[in-house]
Amino acid sequence: MDKLIVTIARDLVEDKDAVHVTVDEPNEEGLVVYHLHVAPDDMGRVIGKQGRIAKAIRTVVRAAANKAEMKVAVEID
């Protein structure tokens, strides 16, 4: 799942080396939180106008997670 997030984010940003993902352990409900880290200058590119790109990233990742029968959330830091 983290490779999917990195692949999507690297296509959006200018500083591709600054993109990395950290993963939290599943909580009691089985939810796994992925934290996407990008360079401060690229934050706007990943979030998009009114959060549309961030929302699209979360939708794609949730769809992939549903196929794998997982519960995930994506946080952009």
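Here is a short tour of this predicted model, stop by stop. Residues count from 1 along each chain as its sequence is written, and side-chain values use heavy atoms, without hydrogens or water. Local features need pLDDT of at least 70 and side-chain atom pairs 80 or more, while totals for chains, interfaces and linings use all residues.

**Stop one: the core.** Select I5, V19, L36 and V46. They have the most contacts inside the largest nonpolar core, which has 18 residues. (Such a core is a set of buried Ala, Val, Leu, Ile, Met, Phe, Trp, Tyr and Cys residues joined through side-chain atoms within 4.5 Å; buried means under 20% relative accessible area, exposed over 50%, with a 1.4 Å probe and protein chains only.) Now colour α3 (52-67), which gives the largest share, four residues. Helices here are DSSP runs of H or I, at least four residues long.

**Stop two: the helix pair.** How are they arranged, parallel or antiparallel? Their axes, lines fitted to C-alpha atoms over the stretch in contact, are 10 Å apart at about 155°. The two are therefore roughly antiparallel, a label for angles over 145 degrees on a scale of 0 to 180 between N-to-C directions. Show the side chains: L4, I5, I8 and L12 in α1 meet I53, I57, V60, V61 and A64 in α3, with contact meaning heavy atoms within 4.5 Å.

**Stop three: two loops.** Pick Q50, between α2 (43-47) and α3. Its phi is near 55°, positive though Q50 is not glycine, and at 69% relative accessibility Q50 is exposed. Then jump to E69, between α3 and β3. E69 also has a positive phi, about 55°, and is exposed at 74%.

Key: Angles under 35 degrees count as roughly parallel, over 145 as roughly antiparallel, 65 to 115 as roughly perpendicular and the rest as oblique.
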